[in-house]
Amino acid sequence: MKEKIENKYLKVEINMHGGCLASIYDKTNNEELLYQVDSRAWKGQDICIFPFIARLKNKTYTYEGNEYHLENHGLCRYNDFIVLEKKEESITIEYHYDENSLKQYPFKFRFIVTYSLKEKELFVTYLVKNIDNKTMYFGLGAHPALKIDYIEEEDHLNTDGNYIIFDEERDFSFYRLTDDGSFVISKEELGFYQAFETSKKLIKEFKTLILDAKGIKNVTLHRKNGRDLIYHYHTDIDYIAIWSFPDYGDYICIEPWNSLPDFLDNDLDISKKKSLVHLQANSDFTLSYSLEIK
């Protein structure tokens, strides 16, 4: 089931299974901005990532001596959301703990997402509420796949000529992944960059390019057609992940994260895992971004 919000400039569809974006349609230019599934590439379009980023080693972790198992990117993507409030230009939806989630993730939570429109800008806010009586440990991130221009060649799409541009040149660090792109091996220096070309070569080299992102407030996706899409981060984010399918898929994911995938030398105990958010009982945590269409 999908829900829709709309204004003069944009029409947005939300997939209630997973609570994620299904369409961002630019009415001014008659253009779909969100990747639409290609069977040769990614089967998704966006993910509300919670309570873990990417993969857990062996899909397993422990808490207070008990063993738990979670699939890739956690819980939200596999469950249905409910509508809390709906207006023409905004919608607030929720997924919360239940008996099934407690078997996989032993914390009581509410995960609330608000999508709203203001002129040519889409605002997205993830609100995590710890309604338990103990500290909750989690990862949080967004995963929207934005369409980019391409040339179809014999065995792949050539996506050269689109650029991810930061507000200034930065001395970036990145997190090197295992050869299959599943787990973090180390943190390394990348060097000074202000822009990255969204080439498939970049994806093949890094699998996912995970950058330290503290202090970054704006990132521009400059598309080959000359029209820009600008991310504005309204809360602090710790990392930005750049990912696409290595051969096909006319999209690039520029993902704001507040934690990292599991490390190859991980500790199974969730309370000792690197980079997770530690949220005290009866507290909230927010990740908020917007996408401005130029």
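The following legends describe close-up views of a predicted model.

Local features are reported at pLDDT of at least 70 and side-chain atom pairs only at pLDDT 80 or more, whereas totals for chains, interfaces and linings use all residues. Residues are numbered from 1 along each chain as its sequence is written, and side-chain values use heavy atoms, with hydrogens and water left out.

**View 1. Asp 46, a buried residue without a salt bridge.**
Asp 46 lies in the loop between strand 4 (31–32) and strand 5 (48–49); strands are DSSP runs of E, at least two residues long, numbered from the N terminus. Asp 46 is buried, where buried means under 20% relative accessible area, exposed over 50%, and partly exposed in between (1.4 Å probe, protein chains only). Asp 46 has no salt bridge, a term that requires a side-chain nitrogen of Lys or Arg within 4 Å of a carboxyl oxygen of Asp or Glu. The nearest side chain of opposite charge, Arg 77, is 9.9 Å away; Lys and Arg count as positive and Asp and Glu as negative, while His and the chain ends are not counted. A polar atom of the Asp 46 side chain lies 3.0 Å from the backbone nitrogen of Leu 21, and the Asp 46 side chain reaches the backbone nitrogen of His 143 at 3.3 Å. Beyond its neighbours within four places in sequence, Asp 46 is in contact (heavy atoms within 4.5 Å) with Cys 20, Leu 21, Tyr 115, His 143 and Pro 144.

**View 2. The salt bridge between Lys 214 and Asp 238.**
The side chains of Lys 214 and Asp 238 meet at 2.6 Å, N to O. Lys 214 occupies the loop between strand 19 (209–212) and strand 20 (218–222) and Asp 238 the loop between strand 21 (228–233) and strand 22 (239–243), so the pair ties together parts that are 24 residues apart in sequence. Lys 214 is exposed at 60% relative accessible area, whereas Asp 238 is buried at 18%.

**View 3. Further salt bridges, from a total of 21 in the structure.**
Side chains of opposite charge can pair when their charged atoms come close. Glu 168 forms a salt bridge with Arg 170, with the closest N and O atoms 3.9 Å apart. Glu 168 is partly exposed, at 43% relative accessibility, and Arg 170 is buried, at 16%. Lys 294 and Glu 292 meet through their side chains at 3.2 Å, N to O; Glu 292 is buried, with a relative accessible area of 19%. Salt bridges with shared partners join Lys 4, Glu 6 and Lys 27 into one network.

**View 4. The largest nonpolar core, with 73 residues.**
A nonpolar core is a set of buried Ala, Val, Leu, Ile, Met, Phe, Trp, Tyr and Cys residues joined through side-chain atoms within 4.5 Å. The residues with the most contacts inside this core are Phe 50, Tyr 105, Phe 111, Tyr 115 and Ile 240. Strand 10 (residues 109–118) gives the most to the core, with 5 residues. Residues up to four places away in sequence aside, Phe 50 touches several residues, among them His 73, Leu 75, Tyr 105, Phe 111, Val 128 and Phe 138. A second, separate core of 22 residues includes Tyr 35, Ile 210, Tyr 239 and Cys 253.

**View 5. Glu 85 in strand 8 (residues 82–86).**
Glu 85 is partly exposed, with a relative accessible area of 44%. Neighbours within four places in sequence excluded, Glu 85 is in contact with Ser 90, Ile 91 and Thr 92. The C-alpha atoms of Glu 85 and Thr 114 are separated by 9.1 Å, and these residues are 29 residues apart along the chain.

Technical notes. Helix = DSSP H or I, 4+ residues; strand = E, 2+ residues; numbered from the N terminus. Polar contact = N/O pair within 3.5 Å; in protein donor to acceptor, adjacent residues only side chain to side chain.
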